[in-house]
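User: Could you take me through the sheet and the aromatic contacts of this model, giving the cut-offs as you go?

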Amino acid sequence: MKIPMVDSRAQYLALKPEIDQVMQQVCDSGQFILGENLQQFEQEVAEYLGVSYAIGVASGTDALHLSLLASGIGAGDEVITTPFTFIATAEAIVYTGATPVFVDIEPRTFNLDPDKLAQAVTPKTRAVVPVHLFGKPVNIPAISQLCKQHDLILIEDCAQSFGAHINGKMTGSFGELSAFSFYPSKNLSCFGDGGLITTNNLQLADTARILRNHGGKTPNGHHRIGYNSRLDELQAAILRIKLRHIDTYNQQRREIAARYSQNLAETGLELPGTPDYEHHVFHQYTVLSENREEIIAALDHHHIASKVYYPSPLHRHSVFQKKCRGVDLPVSVATAEKCFSL
């Protein structure tokens, strides 16, 4: 039996009585969409994250897409983001008709490089979507300052960083809008797909609510073309329970990461680091090695899972190659060739 990357079943079994009870209550109620559990979860998660509004949606990808739309991003706009992330970040930009512009990452942090970001701003740039990759907060103070200087919209991709913070201020509370994912492998996870939009702007929150529900303010009053993207009651009920335990889950991840760092310190691996003012929640513990394939094979021989996130930066994927011809992002390429997660 292989030691898995994530044991979601063990987490469920620890909470089984509570989760089974609330799932039965939802089924008994007959209210599965836009009900009390979603309203309560939105209030509870907004309080936890220190934001004014939280809007539950169907997935993390939808959270990014609807955040961009609510911000008015569309055809002709450029949106700067990182190439070293899951494709959903760039997909959401393309969905709006805008063009993703990939900027290289910092060595070893895996996150968008603010200095290179500053060099990539053009008159067409409307927004920046930094990713708090692997649970490590991006240098959001520097990126926020740059966005203010150039009047750019800041949308945080917090899919992997629930509970991470910088000096106590949570990721998801810096941008005009922010997007979270509750995919089963995430630090805060549900039993399928689920997502969340956060904002401190009432108008943006109202627009996001309209967009997630077929473009309507009322059941039969539709003001724009919207989407069917609602976090359902079963998922909201499960997330309400898990939210109460998220600090414990994240602390367990940090303790495991500390044990890794202590015991791998003399191995020659390049280990993840984080300054004292950043609270890294280690969605993944990712290291760098020239001998990646040999190490992965040895782990597999001993029935220990590992995975490469991400083997190829987005600008090298066939779907983006034509538009990214001539784009040189050496740090992302070098990182993709050496990284793997334990």
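Predicted model: local features only at pLDDT ≥ 70, side-chain atom pairs only at ≥ 80, totals over all residues.

Analyst: Residues are numbered from 1 along each chain as its sequence is written, and side-chain values use heavy atoms, with hydrogens and water left out.

User: Which are the edge strands of the open sheet of seven strands?

Analyst: Strands are DSSP runs of E with at least two residues, numbered from the N terminus, and two of them pair if DSSP finds at least two bridges between them. The order is β1-β9-β8-β5-β4-β2-β3, with mixed pairing. Pairing on one side only marks the edge strands, β1 (53–57) and β3 (99–102).

User: What kind of aromatic pair do phenylalanine 162 and phenylalanine 180 form?

Analyst: Rings of Phe, Tyr and Trp (its six-membered ring) pair if their centres lie within 6.5 Å, and planes under 30 degrees apart count as stacked, over 60 as edge-to-face and the rest as tilted. For phenylalanine 162 and phenylalanine 180 the values are 5.5 Å centre to centre and 65° between the planes, so the pair is edge-to-face.

User: Is tyrosine 310 buried or exposed?

Analyst: Buried means under 20% relative accessible area, exposed over 50% and partly exposed in between, with a 1.4 Å probe and protein chains only. Tyrosine 310 has a relative accessible area of 11%, so by this cut-off tyrosine 310 is buried.

Key:
Helix = DSSP H or I, 4+ residues; strand = E, 2+ residues; numbered from the N terminus.
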